[in-house]
Amino acid sequence: MDIVHLLPDHVANQIAAGEVIQRPASCLKELVENSLDAEATSIQVIVRDAGRTLLQVIDNGKGMSQTDARMAFERHATSKINQVDDLFSLRTMGFRGEALASICAVAQVEMTTRQEEDEVGFRIEVDGSQVVEQEPCACAKGTSVKVKNLFYNVPVRRKFLKTDQTELRNLLTEFYHIVLVYPKVQFLFVHNDEILLDLPATTEKLRIQTIFGKGSHNYGAQLLDIHTDTELVSIRGFVSKPENTAKSSQQYFFVNGRYMRHPYFHKAIMTAYSGMLPGEYNPTYFVYFDIDPQAIDVNIHPTKTEIKFSDEQAVFQILLAAVREALGKFSLAPTIDFDRSGEIEMPTRTSQASTVGNSFPKAPSIQVDPSYNPFRTRQTAPRNWQTIYPDRPTQPEVEQLQIGTIPTISAPAYQYDSRYILQPTEQGLMIINQHRAHACILYHNLLEQLQQHRGTTQQLLFQEVIELTEAEKTILEAIWEDLHAIGFVIDQFSKTAYSISGIPAQLAENDAVLVLRDIIHNVEQTGINAAQQWQEQIAVAMANDMAIPYGKTLTQDEMQDLVQHLLSLPTYMRTPDGKKVLTILSDGELRDRI
Ligand code: ADP
Ligand code: MG
């Protein structure tokens, strides 16, 4: 008896559906992408019970003929490719002709559609891959697809669905991925008769603001434009200003109009921000890549969001440069904002704050250096700028400090909690984190020594041995010369171990092995490809290890020395790894409190 047979279509479709349609969100993605492929300019998504009972997409696109409407539900029915070669020059969203076939295998589907040139439209109902009704009908130009009772015939899938709340969140996430690349298309999203998103046709930036800017009317103003055009790729989009970063943030990459995840390019952005972000804060970004489809690996699997570029390193560098340029330009803008949501809660004084902000004098114009990095540049604004702007109030309630303004010390400092230095200044009470301040100072010294190969070595009486993994070994070898430049004397000891017989003189009191590990770890985090950053990362790691710890009592002389040193640095508001070094409590703010 023969036992091999072809699966009936509806079974094959159900299996395929398992791949393509995993949850209501994947269904939404397929339907909306079809509408976009049909050149719709207005798309409505109507959902009930997070898509369990109803998911309907209505568009005003080009519609289908009767025959096409019937064909559309067949597996591998597609109007978008004819041959395998087409796969590699794909610009449309769908291409496998599987979505509708898959959806109708696991739900009850009702579609109405009409092409502009046809007088009557067509309605077709398909239930578990079987056509149950089809007839001409009167309907608007375009297509409406209703997906009812998703997974009604696949109990296992139904069981895998999460709570309505989670599925709705998934639906919206998928929706964002699409609407963020089609700002010129109007969208509406309705859930259980409630309009959740009403998005008129607009620009990318305004669409972003409409979706994510809730509650903050100047969300758009917190974003910097990035833009670069090269032969290989063109990149545009928006990144947040360093002080508008948050613990949770929006991070989106799109390539040729599709959302993608790309951990490596994410690193490029993080590298551009390095030295500017407070600890666990993250930048928001919306980055749109446009690249020849031949230069990326086609997204063969419809649910796959990771895309391989053929020249990732080059794109990494181009992206890094573009973000750096945007941040660099911004860093030379007139003011630095004090982060008001920092360690110290202050009452808001928005009205006054904004008038102070508006009447604030403009900074002297400075030539923009696209490779500007606050921790590398020695440029400072004129120190005597108060005299350039004679009408500046003498006791302003500043919350913004002009770049290059040095707070004027007005009385001796106090130490508080063996952690902070309280330094009265003419601008208010300056509160300095002692460890971070010292790390800042050390960083600048170390970096200079590194760059000028001026490190001095202290020979160790007994050499230390450090064991490294393969990955750590590659990093050590990459930064080998820099380590020697700063004063380390390191030699290979065995296959997996290295001996340290000399250390930078300043490190005398630190555990050499520990410091070396911290350095390797820091470089690892930045990425082994970011060669320009190695010296900075070495200096950061050493500075953090060497800086005076919390709990250390400081003498008046030490405090004075520290404060003066700190304020003479080109940048001192944040540590090179982005932590806040100081804040100023203005007299006005103090009086507000007590
Ligand atoms: P694919 O999108 O991969 O081609 P689908 O199964 O999603 O496959 O759709 C099959 C075909 O049905 C499409 O190629 C298209 O011709 C047609 N179609 C589907 N949805 C629409 C729509 N909203 N408007 C016009 N045509 C559509
Ligand atoms: Mg499709």
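This is a predicted model: local features need pLDDT of at least 70, side-chain atom pairs count only at pLDDT 80 or more; totals for chains, interfaces and linings use all residues.

Trainee: How many helices and strands in the chain?
Mentor: There are 18 helices and 22 strands. Both are DSSP runs, numbered from the N terminus: H or I with at least four residues for helices, E with at least two for strands.

Trainee: And what share of the residues is buried?
Mentor: Of the 594 residues, 50% count as buried. Buried means under 20% relative accessible area, exposed over 50%, partly exposed in between, with a 1.4 Å probe and protein chains only.

Trainee: What about contacts between residues at least 6 apart in sequence?
Mentor: Of those, 69% join residues at least 24 apart. Contact means heavy atoms within 4.5 Å.

Trainee: Sheets next. What's the strand order in the eight-stranded one?
Mentor: E5-E4-E3-E6-E2-E1-E7-E8, in an open sheet with mixed pairing. Two strands pair if DSSP finds at least two bridges between them.

Trainee: Why do E5 and E8 have one side without a neighbour in the sheet?
Mentor: E5 (130–137) and E8 (194–199) stand at the edges, each with a single partner strand, so one side of each has no neighbour there. The twist averages 10° from one strand to the next.

Trainee: What packs on that sheet?
Mentor: Helix H6 (residues 164–179) does, touching E1 (42–48), E2 (54–59), E7 (186–191) and E8. The direction of H6 makes about 180° with that of E7. Axes are lines fitted to C-alpha atoms, for helices over the stretch in contact, and angles run from 0 to 180 degrees between N-to-C directions.

Trainee: How do E3 and E6 pair?
Mentor: Antiparallel, over seven bridges, with E3 at residues 108–114 and E6 at 142–148. For one bridge, Thr 113 is partnered by Thr 143 in E6.

Trainee: Back to H6. At what angle do H2 and H6 pack?
Mentor: About 25°, with the axes 8 Å apart; H2 covers residues 24–37. That makes H2 roughly parallel to H6. Angles under 35 degrees count as roughly parallel, over 145 as roughly antiparallel, 65 to 115 as roughly perpendicular and the rest as oblique.

Trainee: Which residues make the contact?
Mentor: From H2, Pro 24, Ala 25, Leu 28, Lys 29, Val 32, Glu 33 and Leu 36. From H6, Glu 167, Asn 170, Leu 171, Glu 174, Phe 175 and Ile 178. They divide into eight nonpolar, one polar and four charged. Ala, Val, Leu, Ile, Met, Phe, Trp, Tyr, Cys and Pro count as nonpolar, Asp, Glu, Lys and Arg as charged, and the others, Gly among them, as polar.

Trainee: New topic: E10. How many of its residues are buried?
Mentor: Seven of the eight residues of E10 (233–240) are buried.

Trainee: Which strands do bridges join to E10?
Mentor: E9 (residues 223–229) runs antiparallel to E10, joined by seven bridges. A hairpin through three residues joins E9 to E10. E13 (residues 285–291) is also antiparallel to E10, again with seven bridges. Ser 234 is the bridge partner of Asp 229, and in E13 Asp 290 is the bridge partner of Ser 234.

Trainee: What's the order in the three-stranded sheet?
Mentor: E19-E21-E20, open, with antiparallel pairing. E19 (457–467) and E20 (489–492) are the edge strands, each pairing on one side only. E20 and E21 (residues 497–504) share four bridges. Among them, Gln 492 is partnered by Tyr 498 in E21.

Trainee: Last one: Gln 134. Where does that residue lie?
Mentor: In strand E5. Gln 134 is partly exposed, with a relative accessible area of 38%.

Trainee: What does Gln 134 touch?
Mentor: Arg 70, Phe 122, Arg 123 and Ile 124, not counting residues up to four places away in sequence. Gln 134 and Thr 112 are 22 residues apart in sequence and 9.6 Å apart in space, C-alpha to C-alpha.

Notes. Residues are numbered from 1 along each chain as its sequence is written. Chains are lettered from A and ligands numbered from 1 in the order in which they are written. Side-chain values use heavy atoms; hydrogens and water are left out.
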